[in-house]
Amino acid sequence: MSARVSQLLLVLAGLIPLCSTGCATVHESPLEVNLRSVPPCAHDNIYPIFVLSPVDAFDLAGMDRFAEYVKSCGFRNVEISNYYHGGGSEALADRIREIKCCNPNAQVMLTGFSSGCTIIHNALCSLEKECIGVEGVCYIDSFMFRLTMRDPHPNNVGHVSLVYRKKNPAPTGIPRASVYYINTDNHLKTPTDARTVHVVMSHLCGMTCERY
């Protein structure tokens, strides 16, 4: 059995028992009103990038809907990083390099779900060697990230948020990190949980207010 076939079977095995969860609804953040009230140009230098989990190949967790919600709040530079379409951590690192090179005022906010958190972490490790950083990161409920995270965590992030289920303890030892626990047992519901949405929107609101 080839490695590619084995990987596909692993993905399917992980998804089959979870398919019954249905499509998650993205909860609106109270900060939405504030974000919609600022001039459209206030969001021009902010780049929210949503990093999907390679294991969640069909995006049952709703990261694409989360990204669309953020875009509807005025953030025109929203992007989705999908392992199967755009590549992994080096592709993400290359995209951040490109953003920072083309726009010296760019503020990048990375939001990763599950194994997407590992992709973000590896990209940050690569960028740190070149003294390139990002302004914010939100890691959402990743078990593998806690097991594979290099110590120490890269220091090229303005602020880190860890949003985890209570039954899945967040990793420790990350500089400038805030931890938030949410009341759900369902891993796939964590990205669209009200608290997760609010944490990410708080990051983005803070970036907007820094300049306006």
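Predicted model: local features only at pLDDT ≥ 70, side-chain atom pairs only at ≥ 80, totals over all residues.
Residues are numbered from 1 along each chain as its sequence is written, and side-chain values use heavy atoms, with hydrogens and water left out. Local features need pLDDT of at least 70, and side-chain atom pairs count only at pLDDT 80 or more, whereas totals for chains, interfaces and linings use all residues.

Side chains of opposite charge can pair when their charged atoms come close. A salt bridge was taken as a side-chain nitrogen of Lys or Arg within 4 Å of a carboxyl oxygen of Asp or Glu. Ten salt bridges were counted by this rule.

Arg97 pairs with Asp94, with the closest N and O atoms 2.6 Å apart. Both residues belong to helix α5 (residues 89-102), three residues apart, which means a separation of about one helical turn. Helices (H or I, at least four residues) and strands (E, at least two) are DSSP runs, numbered from the N terminus. Arg97 is buried at 19% relative accessibility. Asp94 is partly exposed at 42%. Buried denotes under 20% relative accessible area, exposed over 50%, and partly exposed in between (1.4 Å probe, protein chains only).

Arg97 also forms a salt bridge with Glu130 (2.7 Å, N to O). Glu130 lies in the loop between α6 (116-128) and β4 (134-140), so its pairing with Arg97 of helix α5 ties together parts 33 residues apart in sequence. Glu130 is partly exposed, at 41% relative accessibility.

A further salt bridge joins Arg165 and Asp141, with the closest N and O atoms 2.6 Å apart. Arg165 lies in strand β5 (residues 157-165) and Asp141 in the loop between β4 and α7 (143-148), so this pair ties together parts 24 residues apart in sequence. Both residues, Arg165 and Asp141, are buried. Elsewhere, salt bridges with shared partners join Glu90, Asp94, Arg97 and Glu130 into one network.
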